[in-house]
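Hi,

Here is the structure I promised to pass on. Have a look at it first, and my notes follow below.

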Amino acid sequence: TKTICGEEQIKSAEKAFGVQEKKIMLPYMSKTDCRYTFGELYVYYSCSGQCSEDTASCVLRRSLKFNSCANMENRLFTLSGKGNLTIAFKGKDGEYDNSVFPCKNGKCISYDKVCNLQNDCGDYSDESDCINHFKCNGTDGISEYIPLWRVCDGNLDCVDFTDECNDNCRGKEKIIDGLFLSIFTWIIGILATLLNIGTLASIFYQFKQATSNLRLVNLVLVMLIVIGDLLIGVYL
């Protein structure tokens, strides 16, 4: 790589015979938070060691085979600069390009469709190794992906509610917001706890003096109500 005017030139794929060399200009920076990059940028950053996260590995780990990319039109076989057989396809601009992502099922897609929250391969292999998403368990076994900033944000985006109902979201929910309401809630909770404890002690004392079954039934009902209030006070 070369640094020119604060930007880095990163080659997208290995040189191949008959393929126009493609370069992408990326802002120069030591490391990038790849959890918030998608598509082609994610491929370049992860495969050039520019991700700040240690868990972000290069997604181009699956090698091409002779029967790969059958879904792509105008594909042809050519030799790479190292003498290996590779596949190129004719782009919209008429130039041949070998910047393809081989799916696990044999299909191939372009880099802009990798790690973009969509199941473009059909078998989720274009999203399975990415760290920029949260995986929801959809209906009928169909998975869906949402960006990380939509997790624990108070809005239900997954049909199974896992983006809000998971261990990472615990402690982030705010039932009472604001200093005044928080103080008021603490006072009410403490008073409710103390007063209901006193009421329970009084009920237990009255149990010993109850002389009729009706009186006992009334005391039990009152005790259940007091226990409910006590639990609410403890919760607050």
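**What I found**

The chain has three helices and ten strands (both are DSSP runs numbered from the N terminus, H or I of at least four residues for helices and E of at least two for strands). Starting at the N terminus, the order is β-β-β-α-β-β-β-β-β-β-β-α-α. Bear in mind that this is a predicted model: local features need pLDDT of at least 70, side-chain atom pairs count only at pLDDT 80 or more, and totals for chains, interfaces and linings use all residues. Residues are numbered from 1 along each chain as its sequence is written, and side-chain values use heavy atoms, with hydrogens and water left out.

Of the 236 residues, 32% count as buried (under 20% relative accessible area, with exposed meaning over 50% and partly exposed in between; 1.4 Å probe, protein chains only).

On to the cores. A nonpolar core here is a set of buried Ala, Val, Leu, Ile, Met, Phe, Trp, Tyr and Cys residues joined through side-chain atoms within 4.5 Å. The largest one has 17 residues, and Tyr 42, Val 59, Phe 101, Ile 109, Val 114 and Cys 115 have the most contacts inside it. Helix 1 (residues 39-47) gives the largest share of this core, four residues. Apart from it lies another core of seven residues, including Cys 136 and Ile 146.

Now the cysteines: there are seven disulfides in the structure (pairs of cysteine sulfur atoms within 2.5 Å). Three of them:

- Cys 34 is joined to Cys 51, S to S 1.8 Å. Cys 34 sits in the loop between strand 3 (23-27) and helix 1, and Cys 51 in the loop between helix 1 and strand 4 (75-79), so the pair ties together parts 17 residues apart in sequence. Cys 34 is buried at 0% relative accessible area, and Cys 51 is buried at 8%.
- Cys 103 is joined to Cys 121, S to S 1.9 Å. The S-S torsion is about -70 degrees, so this disulfide is left-handed. Cys 103 counts as buried at 4% relative accessibility, and so does Cys 121 at 1%.
- Cys 136 is joined to Cys 158, S to S 1.8 Å. Its torsion of about -40 degrees makes this one left-handed. Both Cys 136 and Cys 158 are buried.

And what about Cys 165, buried or exposed? Cys 165 is exposed, with a relative accessible area of 57%.

Cheers
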